[in-house]
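This briefing covers strand pairing, aromatic contacts and backbone geometry. Please look through the sequence and the structure before reading the points.

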Amino acid sequence: MRTHYCTDLNENNIGEEVRLVGWVNSYRDHGGVIFIDLRDKTGIIQLVADPADSKEAWEQADKVRDEYVISIKGVVRDRGEGLHNPKLKTGKIEVVVKQMEIQNECKVLPFAIGDKNVNEELRLKYRYLDLRDPKMFEIFSLRSKVSIAMRNYLNNHGFLDVETPVLTKSTPEGARDYLVPSRIHAGEFYALPQSPQLFKQLLMVAGFDRYFQIAKCFRDEDLRADRQPEFTQVDLEMSFCNQDDVIAQVEGMVKAGFEAANQTLVTPIRRMTYHDAMEKYGSDKPDLRFGLEMVDVIDLFEDSNNEIFANIAKDQKRNRFKALKVSGADNHYSRKQLKELESFVRKFGAAGLAYIQVKEDGLKGPLVKFMSEASLQQLLDRLKPEVGDIIFFGAGEKKVVLDYMGRLRIKIANDMNLIKDGYEFVWIVDFPMFEADDNGNPTPLHHPFTMPNMDTWDEENFEDIKSIAYDLVLNGYEIGGGSIRIHKEDIQEKVFNMLGITQEQAKEKFGFLLDALSYGAPAHGGFALGLDRFIMLLSNTTNIRDVIAFPKTQKASCLLTEAPSPVEKEQLRELHIRVKLPQNEAN
């Protein structure tokens, strides 16, 4: 039905007869001559229907409206001197229509194509119309190019593309599973995979050596702008490798994807320990497009005349006193705005927000009177502030202080437009193996099959044990993570013992994997890249739904298909399920 796509045509085609198909992007009647902007996936070209050239084609053109589907046959010509449109790729030419067929009409649209000011729920309900926006097509074209480039890189480096099951066993680790009831096995359930983790390890035991998959994964968790209940990850695993081997392959894969997006990535990517990331930036996914590093000043408050500050400084293992110097902040923030910053950090557990303003006539602020002259001088030597700067302080329990000061750092960077354009990658390494739960007991920071750094093994101080795990961070987003896996039975037993998992419990939960690891498992490790989040950053959008063809809302519903939805009682009966709604919903 077509000889060309719209933007395939240029001045070299002048005089040629062509056939085009697409949607009417807009139409205009100029004194009896009708101009139509025809749109297909490549872009727009102008059509001209003149009764002097073809009365039949003109009569058809007179009937079209926005988003009608049409096919035409016509001749390419130059638009003429002074009539070129530099905003269009095809702006120097137009097609004089000789024949036109209206293939399908279009009802009145619920919103104009490309209008992002309308309610997002309306756009998601009519997602197929939202996707007609050429900018949306550009995003999915980019996604396709990046996916293919990364797939080709892995294929060329000996990775085998293997599909793993979607119906699998529910495990108690990580987020909530989506469960699928079994009709054949009454009262039993499959789970949709949160990742292919266990199966890709089994493939290493099988001797496949290098595996990858662009895998669909599912997590029943609370949603955010950068999360979805179903998501896609580029998943890989390697045998006979160490951390550096995995990182090198991931960097090559990401670089290939970056180049497909016409971006440049210089490798190797810098590395930063988890400890440094938390202490300097208050986050294990720091945005490095701007400075604002936090500085530890807890020692400067050991001699404070403020009892609260002095007590905080007594326990430098569990507490923190952080300073954040912001250049020029005194000229940016009013007294009212400084109060608003204090209200901001209070939402995340801060008792308040102390600060010192650097004025022409010295240091100002209530904190000054609580520091000795010697400590104030050390503060100046350590931070080297200038007139017009503000030094913000956070004090208290380590985890709380690092969290709210890290958030404050990002807020100030946004307020003061400090964030540079571009892409800043960093590897975060040397993660803790365990963290304390609400009861003070160890729980795995990643998953219980992550290899610990045995040189740091200390069961009495479990939070000091390091793991051989690594996350890749881009512009403040974790875009992927991985680890070297445990492949030795004695190490796995140590980890399970630390977590309070008995042999019986381990066999019940992970028996098939533990059995496999006992049959000659090689050293192995892997990585998973969040493809949706990666494309979100490459396409300069802040909403992950923009890069997923048919996404869910923040309440995990599909407005287009109205899923989830009730099912027939007969279906439930076959699955041996009876629905009992909470009392308030039943009424």
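Two strands pair if DSSP finds at least two bridges between them. Helices (H or I, at least four residues) and strands (E, at least two) are DSSP runs, numbered from the N terminus. This is a predicted model, in which local features need pLDDT of at least 70 and side-chain atom pairs count only at pLDDT 80 or more, while totals for chains, interfaces and linings use all residues. Residues are numbered from 1 along each chain as its sequence is written, and side-chain values use heavy atoms, with hydrogens and water left out.

**Strands around β21**

- Val 473 stands opposite Glu 478 in β21.
- The pairing of β20 (residues 469-474) with β21 is antiparallel and spans six bridges.
- Two residues separate β20 from β21 in a hairpin, and Asn 475 in the turn has a positive phi of about 50 degrees.
- β21 also runs antiparallel to β22 (residues 524-530), with five bridges joining them; Gly 482 has Phe 527 of β22 as its bridge partner.
- Six of the eight residues of β21 (residues 477-484) are buried, so this strand is largely enclosed by the rest of the structure. Buried means under 20% relative accessible area, exposed over 50%, and partly exposed in between (1.4 Å probe, protein chains only).

**Aromatic rings**

- Rings of Phe, Tyr and Trp (its six-membered ring) pair if their centres lie within 6.5 Å; planes under 30 degrees apart count as stacked, over 60 as edge-to-face and the rest as tilted.
- The count by this rule is 19 aromatic pairs. One of them is the edge-to-face pair of Tyr 126 and Tyr 128, at 6.3 Å centre to centre with 80 degrees between the planes.
- Tyr 126 is partly exposed at 24% relative accessible area, and Tyr 128 is partly exposed at 44%.
- Tyr 274 and Phe 431 have ring centres 5.2 Å apart and planes at 45 degrees, so this pair is tilted. Tyr 274 is in helix α7 (residues 274-281) and Phe 431 is in the loop between β17 (425-429) and β18 (434-436), so the pair ties together parts 157 residues apart in sequence.
- Phe 431 is buried, with a relative accessible area of 1%.
- One aromatic cluster is formed by Phe 301, Phe 309, Phe 321, Phe 370 and Phe 393.

**Backbone geometry**

- The Thr 267 to Pro 268 peptide bond is cis, with omega near 5 degrees; Pro 268 sits in the loop between α6 (243-260) and β11 (271-273).
- Asp 209 is not a glycine, yet has a positive phi of about 70 degrees. Asp 209 is partly exposed, at 32% relative accessible area.
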